[in-house]
Amino acid sequence: MANKKFTVSSFLKAKQKGEKISMLTAYDYSTAKLLDEAGVDSLLVGDSLGMVMLGYENTLQVTVDDIIHHCRAVARGAKRAMVIGDMPFLSYHVSIEDTIRNAGRIIQEGNAHAVKLEGCMEVIDKIKAIVKAQIPVMGHLGLTPQSINVFGGFKVQGKTEKQAKRIIEEALMLQEAGVFAVVLECVPEKLARIITEKLDIPTIGIGAGKYCDGQVLVTQDMLGMYTDFTPKFVKKYASLCEDIKNATQNYIKEMKEGIFPSDEHTFGIDESILEKLY
Ligand code: KIV
């Protein structure tokens, strides 16, 4: 793993060289630091933080201030990885002026290197305006969780000819608008393959199969820490849920039994001083 910073041009170079791009979500300093040290290429401060960090039912309540708060922490922990801040629901829908201000705040106050936003046709004028403002944009197509109320739940997208053709058209439209990469979420593997082959910019899959140019997962899912809901596409590389519960039970037990804290974790004082304290 090279130490050179991963940037927008690294995304494009990786696609040209056929090297896969790794991406994970991060929401805090210490996790970002660990993931960065482990060599992940990019850290996404996703609005999934609403569910995994804040306990909301979906992502719709997340605000620009929430994203900025978490981006700042992640940016302090990421030395090599490129930090991408998600634009939350309604932060890029109202007006172009509002959109540029919100994207700009995520870069300026959140210290992110790029923003990500969901959808295409309905917000294409906003996407072009952010790109024009010199802010790198990552697109997001397929299952776009901010539209959950329109989809009627977390469902695979692009299974019908009409839906699939629309996603292909939108991917090409996003590329034309100047985005540097596109997340494809919950679409059939072979549709993701067609899109990946048609685009010059990289596709980053989540529930979109192995042909994408890179993959992203929610870190808490990948580490087995978030158990409220586990989508089919998640592979758990650890069971931190069990580890955290076991460690906590051990701590409670040892503390109650007087095993912890032991001498090893305790500070001493000189006996001559101690005598004068009684
Ligand atoms: O919010 C998020 O974490 C995301 C990823 C799942 C792509 O958008």
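In an unreviewed entry, UniProt lists Asp47, Ser48, Asp86 and Lys116 under "binding site"; UniProt positions are given in the numbering used here, feature names are shortened, and annotations may be inferred rather than shown by experiment. These residues are spread over 70 residues of sequence, yet they cluster in space, with a largest C-alpha distance of 12.4 Å. The lining of the second largest pocket includes Asp47, Ser48, Asp86 and Lys116. On a 1 Å grid over the protein atoms alone, a pocket is an open set of points where a 1.4 Å probe fits, with protein on both sides within 12 Å along at least five of seven lines, and lining residues have an atom within 4 Å of a point.

The model is predicted: local features need pLDDT of at least 70, side-chain atom pairs count only at pLDDT 80 or more, and totals for chains, interfaces and linings use all residues. Residues are numbered from 1 along each chain as its sequence is written, and side-chain values use heavy atoms, with hydrogens and water left out.

The ligand sits in the second largest pocket, in the sense that more than half of its atoms lie within 2 Å of the pocket's grid points. Around the ligand are Thr25, Leu44, Gly46, Asp47, Ser48, Asp86, Lys116, His140, Val183 and Ile206, each with a heavy atom within 4 Å of it. By class, this shell has 3 nonpolar, 4 polar and 3 charged residues; Asp, Glu, Lys and Arg count as charged, Ala, Val, Leu, Ile, Met, Phe, Trp, Tyr, Cys and Pro as nonpolar, and the others, Gly among them, as polar.

| Side chain | Distance to a ligand oxygen atom |
|---|---|
| Asp47 | 3.0 Å |
| Ser48 | 2.5 Å |
| Asp86 | 3.2 Å |

The protein covers 95% of the 260 Å² of accessible area that the ligand has on its own, by the Shrake-Rupley method with a 1.4 Å probe.

Aspartate 47 lies in the loop between β2 (42-45) and α3 (49-52), whereas aspartate 86 is in strand β3 (residues 82-86); helices (H or I, at least four residues) and strands (E, at least two) are DSSP runs, numbered from the N terminus. A further "binding site" annotation in the unreviewed UniProt entry covers Asp47, Asp86 and Glu118.

Two backbone features remain. Most residues other than glycine have a negative phi, and most peptide bonds are trans. Leucine 90, although not a glycine, has a positive phi of about 70°, and the peptide bond from phenylalanine 260 to proline 261 is cis, with omega near 0°.

Technical notes. A polar contact is a pair of N or O atoms within 3.5 Å; within protein, one must be able to donate a hydrogen and the other to accept it, and residues adjacent in sequence count only if both atoms are side-chain atoms.
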